[in-house]
Amino acid sequence: MKTIVHVLRHGEVYNPDKILYGRLPGYRLSELGVQMAKAASESLAGRDITHLVASPLERAQQTAEPFAAQLGLPVTIDERLIESANFFEGKQVGVGDGSLKDPRNWWVLRDPMTPSWGEPYNVIAARMFQALLAAREAAEGHEAVCVSHQLPIWTLRRHVEKKRLWHDPRRRECALASLTSFHFEDTKIVGIAYSEPAAHLIALSASARNAKGA
């Protein structure tokens, strides 16, 4: 019996202060992010989707809304799909901003393989894999959509592909509103597909950022 579980990253978040928001409440989709969610839902129009589940965070719930409207399905909440915990949550952290050179942060940054600054990769992988299996069971013989976050989705994919979990964040293949689709034959994963239905909107977002910086 074939089942497909599409794991969807949420759309762009309104975050003008460039905060690492993590699990903080109140961070919702930008106007462009809402369009990204709609583009993702339209890309799966006509598919045999019978189960819709999302992280409890607002941006994931919002991303699920066009799917719920399109499919006539309720959005189930699964806490296992939540964003990873992070020591830097609520702070401005980015490449080139000096945070990695600040001695006050060195102890937190001591171990990139666990990692020491956040939820261990193996814990993320375990909870996401259980959420994936639960969605497969709920949609057995059909398709499911799970809305989650970049790091948890990428960690899940690396876990399924039996790759080491620690990685270079710049090389994640998990764009905004992208779909990482796990194909099952009965209970066995037989393939993984990846698509970016909102790529044209991501390009618009990047162009707008570049124009503001010029």
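Search the whole structure and you'll find 2 aromatic pairs. To count as a pair, rings of Phe, Tyr or Trp (its six-membered ring) need centres within 6.5 Å; planes under 30 degrees apart are called stacked, over 60 edge-to-face, and the rest tilted. Take Y21 and Y27: their ring centres are 5.0 Å apart and their planes meet at 25°, so this pair is stacked. F87 and F88 make an edge-to-face pair, with 5.1 Å from centre to centre and 85° between the planes.

Before going on, a word about what you're looking at. This is a predicted model, where local features need pLDDT of at least 70 and side-chain atom pairs count only at pLDDT 80 or more, while totals for chains, interfaces and linings use all residues. Residues are numbered from 1 along each chain as its sequence is written, and side-chain values use heavy atoms, leaving out hydrogens and water.

One more ring deserves a look: the charged end of R164 sits over the ring of W166, 3.9 Å from its centre. That label requires NZ of Lys or CZ of Arg within 6 Å of the ring centre and within 35 degrees of the ring normal.

Now step back to the whole chain. It has 5 helices and 6 strands, in the order β-α-β-α-β-α-β-α-β-β-α along the sequence. Both are DSSP runs numbered from the N terminus: helices are H or I with at least four residues, strands E with at least two. Of the chain's 214 residues, 44% are buried.

E83 lies in the loop between β3 (76-77) and α3. With a relative accessible area of 13%, E83 is buried. Leaving aside residues up to four places away in sequence, E83 touches several others, including G22, R59, R127 and H149; contact means heavy atoms within 4.5 Å.

A134 is partly exposed, at 28% relative accessibility. How far apart are A134 and V5 in space? Their C-alpha atoms are 10.0 Å apart, though 129 residues separate A134 and V5 in sequence.

Note on methods. Buried means under 20% relative accessible area, exposed over 50%, partly exposed in between (1.4 Å probe, protein chains only).
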